[in-house]
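Please look at the sequence and the model first, then read the points below.

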Amino acid sequence: MGTNKRYAAAVDHRMDTRILERIAAEAGPLQSLSSAELRLDAESVTIDPRPKPAKAWVRFGATPALVDAEVCRWTADACAIRFRVGETEMKAWVWASAVTPASLGGR
């Protein structure tokens with residue numbers, strides 16, 4: 001039996017969503033960079049009025065997860081992102097190297 005090419009992307013998205021919901025529920029709290037790591041008192045922060053879509057690596061407890069996010073603000077070294085897990089909006093600061101701009105027309 002072959003794969004369902006017509007709905008493959010939708011099925012993949014549903015599975016990714018379920019996996020992320022399970023990780024968020026079971027792996028521990030969402031990790032964010034500390035004040036000492038961010039150094040917001042010494043670094044300039046850019047606030048974007050139109051957040052940019054991106055893929056970002058976050059951690060729930062010790063478990064990493066790649067999420068579809070929006071970059072809301074950033075410094076030279078870190079990005080503040082927001083993303084959804086089910087109906088819950090989550091926010092975290094992550095290292096800039098953990099963020100990749102979303103491709104136009106990409107998944």
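**Briefing**

Leaving out residues up to four places away in sequence, Thr75 touches Leu40, Glu43, Ser44, Val45 and Trp93; contact here means heavy atoms within 4.5 Å. The model is predicted: local features need pLDDT of at least 70, side-chain atom pairs count only at pLDDT 80 or more, and totals for chains, interfaces and linings use all residues. Residues are numbered from 1 along each chain as its sequence is written, and side-chain values use heavy atoms, with hydrogens and water left out.

**Thr75 and its loop**

- Thr75 sits in the loop between β2 and β3; helices (H or I, at least four residues) and strands (E, at least two) are DSSP runs, numbered from the N terminus.
- Thr75 is buried, its relative accessible area being 8%.
- For these labels, buried means under 20% relative accessible area, exposed means over 50%, and partly exposed lies in between, with a 1.4 Å probe and protein chains only.
- A polar atom of the Thr75 side chain lies 3.2 Å from the backbone nitrogen of Asp77.
- A polar contact is a pair of N or O atoms within 3.5 Å; within protein, one must be able to donate a hydrogen and the other to accept it, and residues adjacent in sequence count only if both atoms are side-chain atoms.

**The sheet**

- An open sheet of 5 strands runs in the order β4-β3-β2-β1-β5, and the pairing is antiparallel.
- Its edge strands, each pairing on one side only, are β4 (88–95) and β5 (99–101).
- Two strands pair if DSSP finds at least two bridges between them.
- On average, neighbouring strands of this sheet are turned by 40° against each other, direction ignored.
- Such angles run from 0 to 180 degrees between N-to-C directions, and the axes are lines fitted to C-alpha atoms, for helices over the stretch in contact.
- The antiparallel pairing of β1 and β2 extends over 11 bridges.
- Pro53 has Glu70 in β2 as its bridge partner.

**Salt bridges**

- The count is 6 salt bridges, where a salt bridge is a side-chain nitrogen of Lys or Arg within 4 Å of a carboxyl oxygen of Asp or Glu.
- One of them joins Lys55 and Asp68, whose closest N and O atoms are 2.7 Å apart.
- This pair links distant parts of the chain, with Lys55 in strand β1 (residues 46–60) and Asp68 in strand β2 (residues 63–74), 13 residues apart.
- Lys55 is partly exposed at 28% relative accessibility, and Asp68 is partly exposed with a relative accessible area of 46%.
- Glu70 forms a salt bridge with Arg82, with 2.7 Å between the closest N and O atoms.
- Because Glu70 lies in strand β2 and Arg82 in strand β3 (residues 78–85), the pair ties together parts that are 12 residues apart in sequence.
- Glu70 is partly exposed at 29% relative accessible area, and Arg82 is partly exposed at 27%.
- Glu89 and Lys91 also form a salt bridge, their closest N and O atoms being 4.0 Å apart.
- Glu89 is partly exposed at 41% relative accessible area, whereas Lys91 is exposed at 60%.

**Aromatic pair**

- The structure holds 1 aromatic pair.
- Phe60 and Phe83 form this edge-to-face pair, with 6.4 Å from centre to centre and 85° between the planes.
- Phe60 in strand β1 and Phe83 in strand β3 are 23 residues apart, and the pair links distant parts of the chain.
- Rings of Phe, Tyr and Trp (its six-membered ring) pair if their centres lie within 6.5 Å; planes under 30 degrees apart count as stacked, over 60 as edge-to-face and the rest as tilted.
- Both Phe60 and Phe83 are buried.
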